[in-house]
Amino acid sequence: MNQYLEVGKVTGVHGLMGEVRVQPWADSPEFLCQFKTLYVDEAHFPITVERARVHKNMVIIKFEGPTDVPSALSLRNAVLYIDRADVHLPEGAFFLADIYGLEARNAETGEVLGQIDDVLTLTANNVYVIKGGPRELMVPAVPQFIAETSIEGGYIRINMMEGL
């Protein structure tokens, strides 16, 4: 499992005091507002968050350092990361990054259906794309289809329904 997880991208500057607009890549923009330290790009350079707030489904962040538009512009297009150790997930919750590569099994027979190759994040729900088995499957990530998810065990069990 990766220690650092992508959580958003700086899209531009907000105002004149060095704040930046961030497109969050989380379930909700509020999730991103809880962190005191974020990490910039693949070098994972730590940067301290002075304040963060949600504004029109974006997150406005004031980092320690940039105090004007030119210095804030230097962060434009930067990908932001969090440290996995800074997050306390509720029981049974997991990061989408941990799903990739899990073995997909038929919940009833135990037959291996392939591995999770992609996760489509759609408005209604996520959809797991399973490849490497007898055929490619697209399975809605809802309780009717997902019987069990075991990140530690390296698998998910799927309730196969007619037409799937």
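Q: Ala, Val, Leu, Ile, Met, Phe, Trp, Tyr, Cys and Pro count as nonpolar, Asp, Glu, Lys and Arg as charged, and the others, Gly among them, as polar. By class, what does the lining of the second largest pocket have?
A: This is a predicted model. The lining has seven nonpolar, three polar and three charged residues.

Q: How much space lies in the second largest pocket, and which residues are closest to its centre?
A: About 210 Å³ lies there. Of its 13 lining residues, Leu-89, Ala-93, Phe-94, Ile-151 and Glu-152 are the closest to the centre. Glu counts as charged, so Glu-152 belongs to the charged class.

Q: What makes up the lining of the largest pocket?
A: It is lined by 33 residues, with Asp-27, Phe-94, Phe-95, Leu-96 and Asn-126 nearest the centre. Strands 1, 6, 8, 9 and 11 each give two or more residues. Strand 1 gives the largest share, four residues. By class, the lining divides into 23 nonpolar, seven polar and three charged residues. The space comes to about 1,100 Å³.

Q: How do you know that strand 7 and strand 8 pair?
A: Pairing needs at least two bridges. Three bridges join these antiparallel strands, so they qualify as a pair. Glu-103 stands opposite Gln-115 in strand 8.

Q: Why do strand 10 and strand 11 stand at the edges of the sheet?
A: Six strands form an open sheet of mixed pairing, in the order 10-9-8-7-12-11. Strands 10 and 11 each have a single partner strand, so one side of each is left without a neighbour in the sheet. On average, neighbouring strands are turned by 35 degrees against each other, direction ignored.

Notes: Residues are numbered from 1 along each chain as its sequence is written. This is a predicted model: local features need pLDDT of at least 70, side-chain atom pairs count only at pLDDT 80 or more; totals for chains, interfaces and linings use all residues. Side-chain values use heavy atoms; hydrogens and water are left out. On a 1 Å grid over the protein atoms alone, a cavity is a set of points where a 1.4 Å probe fits but cannot get out, and a pocket is an open set with protein on both sides within 12 Å along at least five of seven lines; lining residues have an atom within 4 Å of a point. Grid points are joined across faces, edges and corners, and a volume is the space filled by probe spheres set on the points. Axes are lines fitted to C-alpha atoms, for helices over the stretch in contact, and angles run from 0 to 180 degrees between N-to-C directions.
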